[in-house]
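Dear colleague,

Here is the structure I promised to pass on. Please have a look at it first; my notes follow below.

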Amino acid sequence: MKPPLPPSSTSLLLRKQRLSPYFYTLLTFIVFVFILYCEDLLSIFGRNELVLSNPISETTGKEKETVDDIIERNNHEFRNKSVSNEEGTSVPPKITTKTTWKPPFAIGETEEGCDIFSGRWVRDELSRPHYEESECPYIQPQLTCQEHGRPDKEYQKWRWQPHGCNIPRFNATLMLESLRGKRMMFVGDSLNRGQFVSMVCLLHRILPSNAKSMESTMDQSLTVFRAKDYNATIEFNWAPFLLQSNSDNAIVHRVADRMVKKGSINKHGRNWKGVDVLVFNTYLWWMTGQKMKFLKGSFKDEKKEIEEFTTEEAYRVAMKSMLKWVRKSMDPNKTRVFFTSMSPLHIKSQEWGGQPGGNCYNETSLIEDPNYWGSENRDIMQVIAQEFSKSKYPITFLNITQLSSYRKDAHTSIYKKQWSPLTPEQLANPVSYADCVHWCLPGLQDTWNELLFTKLLYPN
């Protein structure tokens, strides 16, 4: 005979026997529910992220395109594009490596080892121009070459092709989505204003007429394009030296005896604070052929204390001031800063083998020598390289100088609004008043913005 169980053990056994039928019933029900709704449960727990990224329209049943879709499509097209090398044979895209630090706005990477600024111009009648001159009401009359009688459109039909790799196609929707709730600002002279207008022309086409606006201050020192549905702005700030100068009036600024104020970058810098994408340029206004004058006091002082520097020394002061301001005022985890290199001139046709006394007037073809370099100041490029290498803030350099130097055909030349009536002598000699500084739109500066788009969203 077995000894009696302790009271505690007996109670436990009886409790287990009473719960067993309920336990097995509950277990059977759970298994039944799981088998019946297995697919739905997997959908809830396993596919939630996909559903959020690709919402379905309740009215049409078709998928709405989100910014994720745009990014993925752009990345897919970019990754799977075949490219051609110098011999014309197909080169498969290279696999990129991931960087440890992802800069703001980046959604992908360019191919490892790809220099997007080294390449050649390719004729492209299918995708160029990106827009028609008559379709963009924001182009200044100084840049509307077709309206002012230019007889050809060949300058509009060239696409920049880097050696051995591709750049992604400019996508206006993706650009605006990237700028949603943000500010992009171009800072510099009239050449940077041309790039600003180009960007506006590239973007405004996808916006309804009541969802965009362009406004300027009275002195036109600040111009703002608003994409209202995106709560985004594209802006231009006139600051030809970046530092305060006697040429800061955006309307009346043709000052022969140019002068800048030392340590005065905050004068313009107050306009740059809070900007998310900042694009600087400054070059042409420093090229006076004389020593640059730096003012130590105020422009209002009757007796001015002036210090003189060579062009390279003066430019270095400006670069140091800009880099110091950026380091102190910008957060590299939120803001991207770009610097556009010098825009080339084509004022001496002898530089590319033309007749003496000529310039860009009547030029309709490209310079084909890949090693061509005009009269642009190489010492200035050295100053930029030296100072940027010391910068503690990551600044992206847009090296547009050499690729633009091939484009003697793309200047406004005589096809623009003139500031004053032309004399009979000028009319008899168009070379004398041809503008070989600025560029027709649409045209070359759209390529500058394609490269900006690439470096912003697909950095190395």
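A residue is called buried under 20% relative accessible area, exposed over 50%, and partly exposed in between (1.4 Å probe, protein chains only). By that rule, buried residues make up 47% of the 460 residues in the chain.

This is a predicted model: local features need pLDDT of at least 70, side-chain atom pairs count only at pLDDT 80 or more, and totals for chains, interfaces and linings use all residues. Residues are numbered from 1 along each chain as its sequence is written, and side-chain values use heavy atoms, with hydrogens and water left out.

Overall make-up: the chain has twelve helices and 16 strands. These are DSSP runs numbered from the N terminus (helices H or I, at least four residues; strands E, at least two). Contact means heavy atoms within 4.5 Å. Of the contacts with a separation of 6 or more, 75% join residues 24 or more positions apart.

The sheet: seven strands form an open sheet, ordered S6-S7-S8-S5-S10-S13-S14, with mixed pairing. Two strands pair if DSSP finds at least two bridges between them. S6 (212–216) and S14 (395–398) are the edge strands; each has a single partner strand, so one side of each lacks a neighbour in the sheet. The twist averages 15° from one strand to the next. S5 (residues 183–188) pairs with S8 (residues 232–238) in the parallel sense, over six bridges. There, Arg183 stands opposite Thr233 in S8.

Helices on the sheet: H6 (residues 190–204) lies across S5, S6, S7, S8, S10, S13 and S14, at about 165° to S8. Axes are lines fitted to C-alpha atoms, for helices over the stretch in contact, and angles run from 0 to 180 degrees between N-to-C directions. H8 touches S10, S13 and S14, and its direction makes about 170° with that of S13.

The core: the largest nonpolar core has 102 residues, and Ile234, Leu278, Phe280 and Met322 have the most contacts inside it. Such a core is a set of buried Ala, Val, Leu, Ile, Met, Phe, Trp, Tyr and Cys residues joined through side-chain atoms within 4.5 Å. H8 (residues 311–329) gives the most to this core, with nine residues. Beyond its neighbours within four places in sequence, Met322 is in contact with Leu242, Ile265, Phe280, Phe339, Phe388 and Ile395. A second, separate core of nine residues includes Tyr155, Cys360, Ile414 and Cys436.

Best wishes
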